[in-house]
Amino acid sequence: MYKHILIPIDGSPLSTQALEKALDFAHETGAEATVLVVMEPLQVFTLNPTGMEIAYAEYDRQNNEAADGILSGAREAAKQRMVACETVKLESTDPASTIVEAADKYNCDLIAMASHGRSGFKAFMLGSVTMKVLANSKTPVLVYR
């Protein structure tokens, strides 16, 4: 069975539900888990970047704070289920590729994730991270809906 499950989360309600189900699955199978948050950097295109350093710094601070909170909740959920859990925070403009690469880097034999995190127009325009992971991963992917 599976020994090491990568669980990418983004803090959305569906992602949190998928985390809980994946941790339950890890507990049942005796697997360990790595919970991953991929932070997307601020991307601003401007002809005059003067003063943008402050905006970037504040965005990074808030982004890191949010990711730390999400991962703290994941550690607590894993602890409650007695699942060995490592948490990882990475920055990338391509979350799907980062998830696929992390599964390989951390020797995970399963990726367990929510069917989607974004909704509406943003999801339509950017495409589903889950769909991209499914299309590009050599590691099996369990999708929670």
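Entry 1: I started with Cys-108, which is buried at a relative accessible area of 8%. My cut-offs: buried means under 20% relative accessible area, exposed means over 50%, and partly exposed lies in between (1.4 Å probe, protein chains only). Before going on I noted that this is a predicted model, where local features need pLDDT of at least 70, side-chain atom pairs count only at pLDDT 80 or more, and totals for chains, interfaces and linings use all residues. I also noted that residues are numbered from 1 along each chain as its sequence is written, and that side-chain values use heavy atoms, with hydrogens and water left out.

How many disulfides does the structure hold? I found zero. Cys-85 is in no disulfide, and its nearest cysteine sulfur, that of Cys-108, is 11 Å away. Because that distance is 11 Å, the sulfur of Cys-108 is too far from the one in Cys-85 for a bond. A disulfide here is a pair of cysteine sulfur atoms within 2.5 Å. Cys-85 itself counts as partly exposed, at 27% relative accessibility.

**Entry 2: the strands.** I took helices (H or I, at least four residues) and strands (E, at least two) as DSSP runs, numbered from the N terminus. Strand E2 (residues 32–39) is mostly covered, with seven of its eight residues buried. I saw E2 pair in the parallel sense with E1 (residues 4–8) over five bridges, and with E3 (residues 85–91), also in the parallel sense, over seven bridges. Two strands pair if DSSP finds at least two bridges between them.

Thr-34 made a handy landmark for me. In E2 it stands opposite Leu-6, and its bridge partner in E3 is Glu-86.

**Entry 3: the crossovers.** I traced E1, helix H1 (residues 13–29) and E2 as a right-handed β-α-β unit. E2, helix H2 (residues 52–80) and E3 make a right-handed β-α-β unit too. Right-handed means that, with the strands pointing away from the viewer, the path from the first strand over the helix to the second runs clockwise.

Entry 4: In H3 (residues 95–105), I listed buried residues, among them Pro-95, Ile-99 and Val-100. The buried residues of H3 pack against E1, E2, E3, strand E4 (110–114) and helix H5 (129–136).

Last, I visited Ile-70 in helix H2. Ile-70 counts as partly exposed, at 23% relative accessibility. Leaving out residues up to four places away in sequence, Ile-70 touches Ile-9, Asp-10, Gly-11 and Val-37, where contact means heavy atoms within 4.5 Å.
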